[in-house]
Amino acid sequence: MNNVLHLVWLVPFFPLVGFLITGLLRKQLSKPLISIIGSGMVLASFIVSVLLFTEVKNGNTYVANLFDFISFGTLSIPFAFQIDQLSSLFLLIITGIGFLIHLYSSAYMHEERNEHFGRFFSYLNLFVFSMLLLVLGANYVIMFIGWEGVGLCSYLLIGYWFKNVEYGNAAKKAFIMNRIGDLGFLIAIFWLIAKLGTVTYSTPEGTGVFDLFQKLTRTDLIGITLLLFVGATGKSAQIPLYTWLPDAMAGPTPVSALIHAATMVTAGIYMIARSNVLYTMAPYTQSVVAAVGLATALFAATIAIKQNDIKKVLAYSTVSQLGYMFLGLGVGAYTGAVFHVMTHAFFKALLFLGAGSVIHAMHHEQDIRKMGGLSKKLPITHATFLIGCIAIAGIPPFSGFFSKDEILAFAYAKDPLYYYLGVAGAAMTAFYMFRLYATTFRGTFRGTEEQKHHLHESPAAMTIPLVVLAILAAVGGFIGIPESIMPDAHKLEHFLEPIFAKSNEIQMAALPEHHTEINLMVISVALALGMIIFAWFRYSKKPELNEPAGFGKVLADKWYIDELYNFVVVKPLNGLARFMNSFFEKKVVDGMVNGVGRLVNYTSRQVRLLQSGLVGNYVLLMVLSMLALFIVKFFIKK
Amino acid sequence: MVPVLLIVIPLVSGLLGFLIKQEKSAKVWSLLTSIITMVVSILGIAVLHNPEYLQTDVAWLPDLGSRFSLSMDGMSKMLCLLTGIAYPGIFIATWNSTYKNAHQFYALMLLMQTGLMGVFVASDALLFYFFWELALIPAYFLCSIWGGERRVAVTFKFFIYTFVGSLLMLIAIIWVYFHTPDHSFAMSSFYKVNLAGNTQGWLFWLFFLAFAIKMPLFPFHTWQPDTYEQSPTAVTMVLSGIMVKMGVFGILRWLAPVVPVGLWGYGDPAATMCVIGMIYGSIVAMQQDDLKRFVAYSSIAHMGLMGLAIFVTSSIGIQGVMVQMFAHGINIIGLWIVVELIERQFHTRKMSELGGLAQKAPSLAIMLVVLSLANVSLPLTNAFIGEFMMFNGVFGSKASNYHYIFMVVGGISIILSAVYTLNMLQKVLFGNTSSLTANARDIKVNEKFVLAVLLIGIVVMGVYPKPMIEATRHAVDAIYSKMFVKLP
Amino acid sequence: MLIERYIYLAIALFCIGIVGVLARRNAIIIFMCIELMLNAVNLLLVAFSKMHYAAGVAKNATAGIDGQLFVFFIMVVAAAEVSVGLAIIVMMYRNTHSVDVNFLNRLKH
């Protein structure tokens with residue numbers, strides 16, 4: 001019965017093979033062959049994932065121990081894969097959306113030279129491999145391997161057009177910001193090892209972290225969960241480490257869709273959902289997570305309102321949506337957070353790919369002020385993009401509505417303030433998304449004549465993923481219909497129940513009364529609809545073309561957070577480095593060493609003066625010394 | 001048998017090498033002997049498990065109580081293997097370099113190998129000291145004859161600096177010798193000595209200075225960037241890949257087991273110096289423009305971590321040091337090879353004059369990227385295993401009162417390492433080509449081969465580190481138990 | 001006879017010798033002063049030898065004889081010294097046409 005589950009190693013194996021083939025033979029293989037291999041490997045993984053998923057759906061889970069990774073003394077860290085409800089769900093998202101985006105890329109990147117085309121696909125495959133390691137790992141160390149691996153791939157892909165120094169800086173920034181979070185993650189792992197002697201999630205014998213968590217003290221729990229959360233803020237772009245994600249838009253658009261919207265940035269949510277027991281045991285951390293998530297959701301939404309780069313708007317929207325997921329985790333709505341990861345993956349990948357299609361048609365123009373009226377020229381892109389916008393705005397029955405309202409309902413039960421702020425953010429989301437939509441697709445075309453002449457709908461390889469994702473974004477929410485609307489229809493919750501069983505035992509997050517919940521939904525939908533109508537009519541007719549002034553400028557300049565970091569961290573660090581290198585190292589440290597040498601030289605020069613070469617001096621010295629000896633011997637009493 | 005061969009083969013072939021006047025044949029000769037040495041060292045670690053093969057003990061200076069006794073435990077085997085593997089790699093990678101009086105150059109390189117091997121297998125304190133100095137002298141000549149412009153001053157400093165350290169160690173060795181029950185320099189007698197706490201305290205500092213200068217640890221590192229910069233690259237590879245490991249080895253073999261109480265007493269100050277060195281090395285590395293100095297400072301940061309893991313006294317940390325010694329040796333030699341390739345082609349090592357190499361020399365770029373990733377100890381590279389275990393040991397240390405602080409402050413170097421390494425990649429590989437690199441060509445087949453072997457080694461060790469851990473586990477247990485046995 | 005008188009005489013001679021060595025630059029005079037110091041010591045040795053002989057003859061017929069032995073050694077050594085030293089001075093004169101010892105500082109260079 002478990003035969004299929006034994007195949008779990010195949011899932012990351014295929015993309016690894018794809019990485020090696022497309023990477024090593026990038027000059028020999030032709031572009032179609034590279035895209036077939038690159039996409040085919042991910043498709044193969046997807047097929048295996050579906051098989052695994054059906055098996056898991058029957059209630060079977062499995063841990064595959066491949067080999068001992070690090071084992072020393074009592075500490076044993078196997079290279080093991082765990083296939084259960086949570087990881088199989090993520091497998092489907094990663095490989096499924098991953099495949100669509102690979103397919104899309106084969107058309108989007110066709111202008112690249114052969115070896116760069118191969119390089120792109122090998123990076124993408126490597127990314128999928130790392131991401132699969134991340135979610136499949138049966139312990140925190142394997143998760144960490146994938147965690148750093150996806151950071152690396154993100155670095156490589158953001159800096160894919162490496163001739164551009166700006167892009168290189170963005171890539172660097174992403175990697176370093178991630179590293180700050182990774183340090184937190186790493187310390188949390190060490191903390192677990194020091195206290196429990198293991199990093200495995202759980203074992204049948206009950207020796208895993210989630211079996212022994214009761215041995216941890218309150219301080220341990222708060223410390224570990226906070227440190228893990230630091231890791232999550234880095235990877236999932238939360239305050240204070242979020243600034244890399246908007247810059248990461250320097251990468252090719254499919255990369256933004258895959259890494260910076262659908263998969264990698266949700267790793268932090270996966271990690272906390274995986275560690276849900278620890279978080280439930282540490283309510284203090286939960287409130288920190290909720291507060292940071294909510295703050296990020298609002299903060300990023302305010303910035304998104306004033307951005308004019310189509311990808312930047314989507315980037316800040318991603319940061320904001322990730323904030324909602326953390327809010328969900330913080331209030332104990334683990335299923336809701338995972339649900340939102342899934343729906344967000346659908347509609348945000350869709351939006352990014354749609355944006356890519358627009359950019360493709362506009363010949364790499366990303367400024368929405370120079371677009372407008374694209375709905376007629378790009379009908380498929382337009383339709384799918386609109387579906388994505390409606391989904392993210394939270395209009396029923398599209399998918400975003402279900403997941404977002406589940407989170408907001410739990411937030412209301414925890415503290416109504418969370419809900420009100422959350423709804424305010426949702427309203428802003430609806431506003432900026434339809435500002436983006438209206439400016440891009442409505443009104444009249446504002447680009448150059450040449451661009452207008454070249455406007456065209458993208459090829460099938462690009463539109464097929466758009467259509468598939470649009471369908472998913474439209475209907476994906478039906479697996480999580482809330483109890484208040486239709487009893488027993490929340491399939492996802494039942495599916496994920498074993499993962500969160502322990503947390504629910506400790507403390508079941510409460511939902512408000514059914515009629516309250518419905519009232520809440522009505523409020524948020526009404527607000528969103530109002531915002532949509534407002535934005536649609538306002539920006540279709542008179543798009544915002546001038547440079548913003550006053551408070552709008554503060555928003556457009558992202559609250560000057562980058563400048564602040566630059567001033568507080570980067571500049572002092574560089575100054576310190578310069579001081580250390582040019583003064584401290586040369587003058588103080590080496591100065592001391594050379595000082596010793598100089599002292600020896602000086603002393604010897606002084607002592608040398610005694611050797612005058614004059615016989616008289618020598619004799620005098622001799623006599624004086626003898627006299628001194630004589631005096632010491634006879635006249636100085638001991 | 002094996003340790004004797006490891007010493008004798010390079011010694012004899014080095015001495016004979018002085019007689020081969022032709023450059024080409026000298027190269028071939030030294031490559032061949034280094035390959036033979038490598039085979040012997042592989043046999044030592046993989047095939048010949050009978051202790052008879054791994055030990056030698058004959059009379060040397062009976063009046064002094066010193067014997068010519070060699071033995072190999074897991075740590076020795078591993079470091080001999082590193083030395084054995086590194087030499088052919090270095091010779092192949094620098095095959096295209098030419099030297100004046102090449103036969104002397106290669107002969108001295110082989111003599112240096114004798115000294116290094118001797119240090120790693122000696123189980124007699126006086127013999128250890130003897131080989132310790134023997135390794136230094138060829139290094140001195142190699143740098144001061146074939147080095148760069150400032151070679152004379154720099155090498156003078158290098159020699160005097162390390163020599164002062166050695167003499168301090170000699171004082172300590174002689175002191176311990178007089179307190180051995182049987183007036184012997186044998187390692188086993190040294191391990192039996194039971195010295196008073198405060199005596200161990202100052203003996204600790206004597207040993208520590210010698211090894212800290214060699215490693216080098218902050219603030220005793222200033223000889224290192226200059227020497228690395230001025231030496232011919234082949235020599236730099238040996239110095240940084242192998243010779244600095246002598247310091248770590250010395251601490252584990254002689255300092256920790258002989259004066260454990262001193263280490264307990266002064267572990268924290270020593271560890272503090274290491275942590276400062278990690279941060280300091282990283283920060284200074286950020287400002288370097290010369291590739292060689294860049295690698296030198298990043299190496300200071302890495303050596304600081306090894307020192308830290310030892311001085312907080314944890315067994316998993318020491319195990320990490322073992323793995324890291326090997327990994328660091330491989331990685332840094334790889335980095336030097338790339339630096340050498342860049343320098344030979346463009347006649348500069350300045351990052352500001354390079355740029356855009358990824359367009360012109362993709363193979364070189366891939367190699368440099370992977371080596372840099374190993375340098376920032378990304379998972380699935382060999383350095384991650386070592387760093388993970390070392391940091392784990394630091395965090396979980398029971399001996400140090402400040403281990404959490406050490407962990408957090410030392411951990412910052414993980415971030416800083418990413419900062420300076422990515423800066424370097426950006427300047428060298430990415431962006432637009434400069435006037436120098438506009439017509440760059442990619443690397444040749446033999447260079448590709450050596451680097452590819454290194455890369456495969458890096459990844460294999462990073463994915464499956466078990467053999468490495470297994471091979472050194474007993475040595476770690478032995479050292480760790482001696483660090484505790486003499487607690488009063 | 002009081003031994004003190006010999007000691008005073010010897011001290012006087014020795015001091016004259018020292019002053020001569022320190023103050024004069026003529027090599028021959030310095031040489032003579034050195035001889036003077038040696039002879040001051042010889043004088044003392046002989047005096048003490050006689051004193052010990054007088055005190056210890058009842059028990060030991062050769063008491064104090066070693067002092068006189070030393071005197072002979074010193075005379076022999078002094079003679080050897082003279083031969084070498086004078087030779088050096090002669091060579092020095094040949095080279096510098098002077099016997100001023102301060103010229104010897106050029107040996108330093």
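Start with a polar contact: the side chains of B:Lys292 and B:Thr233 are joined at 3.5 Å. By polar contact I mean a pair of N or O atoms within 3.5 Å; within protein, one must be able to donate a hydrogen and the other to accept it, and residues adjacent in sequence count only if both atoms are side-chain atoms.

A word on the source: this is a predicted model, where local features need pLDDT of at least 70, side-chain atom pairs count only at pLDDT 80 or more, and totals for chains, interfaces and linings use all residues. Residues are numbered from 1 along each chain as its sequence is written, chains are lettered from A and ligands numbered from 1 in the order in which they are written, and side-chain values use heavy atoms, with hydrogens and water left out.

Back to the lysine. B:Lys292 sits in helix H13 of chain B, residues 291-311. Helices here are DSSP runs (H or I, at least four residues), as are strands (E, at least two), numbered from the N terminus. Which side chain of opposite charge is nearest to B:Lys292? That is B:Glu343, 4.6 Å away. B:Lys292 is buried yet has no salt bridge. Two cut-offs apply. Buried means under 20% relative accessible area, exposed over 50%, partly exposed in between (1.4 Å probe, protein chains only). A salt bridge needs a side-chain nitrogen of Lys or Arg within 4 Å of a carboxyl oxygen of Asp or Glu. As for charge, Lys and Arg count as positive and Asp and Glu as negative; His and the chain ends are not counted.

B:Lys292 also touches several residues, leaving aside those up to four places away in sequence; among them are B:Tyr228, B:Glu229, B:Trp336 and B:Arg349. Contact means heavy atoms within 4.5 Å.

Now follow B:Arg349. Its side chain meets that of B:Glu229 in a salt bridge, 3.9 Å from N to O. This pair links distant parts of the chain, 120 residues apart: B:Arg349 is in the loop between helix H14 (315-346) and helix H15 (357-360) of chain B, and B:Glu229 is in helix H10 of chain B. B:Arg349 is buried, at 14% relative accessible area. B:Glu229 is buried too, at 15%.

B:Arg349 has another partner. B:Asp290 and B:Arg349 meet in a salt bridge at 3.1 Å, N to O. Here the two residues are 59 apart, with B:Asp290 in the loop between helix H12 (260-286) and H13 of chain B. B:Asp290 is buried, with a relative accessible area of 7%. Shared partners join B:Arg150, B:Asp226, B:Glu229, B:Asp290, B:Arg293, B:Glu343 and B:Arg349 into one salt-bridge network.

How many salt bridges does the structure hold over all chains? There are 24. One is in chain A: A:Arg179 with A:Glu148, closest N and O atoms 2.8 Å apart. A:Arg179 lies in helix H6 (residues 165-196) and A:Glu148 in helix H5 (residues 140-158) of chain A, so the pair ties together parts 31 residues apart in sequence. Both A:Arg179 and A:Glu148 are buried.

Chain A as a whole, then. Its secondary structure comes to 25 helices and two strands. Of its 638 residues, 61% count as buried. The C-alpha trace of chain A spans about 115 × 65 × 55 Å along its principal axes.

Next, the backbone. The peptide bond from A:Pro396 to A:Pro397 is cis, with omega near 5 degrees. A:Pro397 is in the loop between helix H16 (379-393) and helix H17 (399-414) of chain A. In chain B, a cis peptide bond joins B:Met215 and B:Pro216, with omega about -10 degrees. B:Pro216 lies in the loop between helix H9 (197-214) and helix H10 (223-230) of chain B.

A:Ala237 has a positive phi, near 55 degrees, and is not a glycine. Is A:Ala237 buried or exposed? Buried, because its relative accessibility is 0%.

Last, how the chains meet. Two pairs of chains are in contact, and chains A and B share the most contacts. No contact joins chain B and chain C; their closest C-alpha atoms lie 27 Å apart.
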